[in-house]
Amino acid sequence: MTNQVIDQTFDNQSFNNIKLPAREYDNCTFINCDFTETNMSAVTFLECTFDTCNFSLVMMKETSFQEVLFTTCKMLGLDFSNCNDFMFSAKFYSTNLEYSSFYGFKMENTLFSDCNLCEADFTKTDLTGSVFDDCNLSKAIFDKTILESVDFKTAENFSIDPETNKLKKAKFSKSGLAGLLSKHNLVIE
């Protein structure tokens with residue numbers, strides 16, 4: 001099938017400023033690839049790995065990520081809300097996701113480990129069962145967000161209002177409790 005790319009490795013390739021054909025990449029590995037200004041709309045990535053890739057200004061309308069791993073990638077300001085959330089499954093390790101938007105996106109059981117999520121927008125996002133392991137969430141927006149059973153135990157710099165977000169069974173460390181009270185402007189020592 002010509003619309004499918006299977007078991008291929010792409011190393012040090014530039015895909016910048018092109019439109020990727022609408023096809024499925026299955027079990028492919030992308031290492032040190034540049035996707036700057038790439039239009040990857042309607043592309044499906046199934047069981048793929050992206051290692052040290054640049055996704056600056058990528059267009060991802062109806063892009064599908066299923067069982068995908070991102071490691072040490074630059075994903076600044078990406079709009080995941082335009083992706084296909086059907087069967088979305090991704091893990092992010094040591095990835096820079098500053099200013100990215102996940103507005104209204106369903107991304108249950110997502111792992112973020114050692115990621116920079118400063119000023120990311122999680123408004124109306126369903127993050128049920130997700131983990132923020134050693135992540136910087138400075139100025140990240142959580143509003144009407146489903147955070148049930150989310151693990152924030154090692155996350156830093158978050159501010160989450162329990163009155164406007166669903167937090168049932170979410171996990172926090174004692175030192176992280178201040179992030180739940182920030183709207184009250186309390187001095188916690």
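Reader: How many aromatic pairs does the structure hold?
Author: This predicted model holds 35 aromatic pairs.

Reader: Why is the pair of Phe10 and Tyr25 called edge-to-face?
Author: The planes stand at 75°, and over 60 degrees counts as edge-to-face. The centres are 6.2 Å apart, within the 6.5 Å cut-off.

Reader: What makes this pair a tie between parts of the chain?
Author: Phe10 lies in strand E2 (residues 9-11) and Tyr25 in strand E3 (residues 24-26), so the pair ties together parts 15 residues apart in sequence.

Reader: How do you know whether Phe10 and Tyr25 are buried or exposed?
Author: Buried means under 20% relative accessible area. Phe10 has 11%, so Phe10 is buried. Tyr25 has 5%, so Tyr25 is buried too.

Reader: What makes Phe35 and Phe50 an aromatic pair?
Author: Their centres lie 6.0 Å apart, within 6.5 Å. The planes are at 70°, edge-to-face. Phe35 sits in the loop between strand E4 (29-31) and strand E5 (44-46), and Phe50 in strand E6 (residues 49-51). Phe35 is buried at 1%, and Phe50 is buried at 0%.

Reader: How many salt bridges does the count come to?
Author: Three. One of them joins Asp151 and Lys153.

Reader: Why is the contact of Asp151 with Lys153 called a salt bridge?
Author: The closest N and O atoms are 3.7 Å apart. The limit is within 4 Å, so the contact counts.

Reader: Which of these two residues is buried, and which is partly exposed?
Author: Asp151 has 16%, under 20%, so Asp151 is buried. Lys153 has 43%, between 20% and 50%, so Lys153 is partly exposed.

Notes. Residues are numbered from 1 along each chain as its sequence is written. This is a predicted model: local features need pLDDT of at least 70, side-chain atom pairs count only at pLDDT 80 or more; totals for chains, interfaces and linings use all residues. Side-chain values use heavy atoms; hydrogens and water are left out. Rings of Phe, Tyr and Trp (its six-membered ring) pair if their centres lie within 6.5 Å; planes under 30 degrees apart count as stacked, over 60 as edge-to-face and the rest as tilted. Helices (H or I, at least four residues) and strands (E, at least two) are DSSP runs, numbered from the N terminus. Buried means under 20% relative accessible area, exposed over 50%, partly exposed in between (1.4 Å probe, protein chains only). A salt bridge is a side-chain nitrogen of Lys or Arg within 4 Å of a carboxyl oxygen of Asp or Glu.
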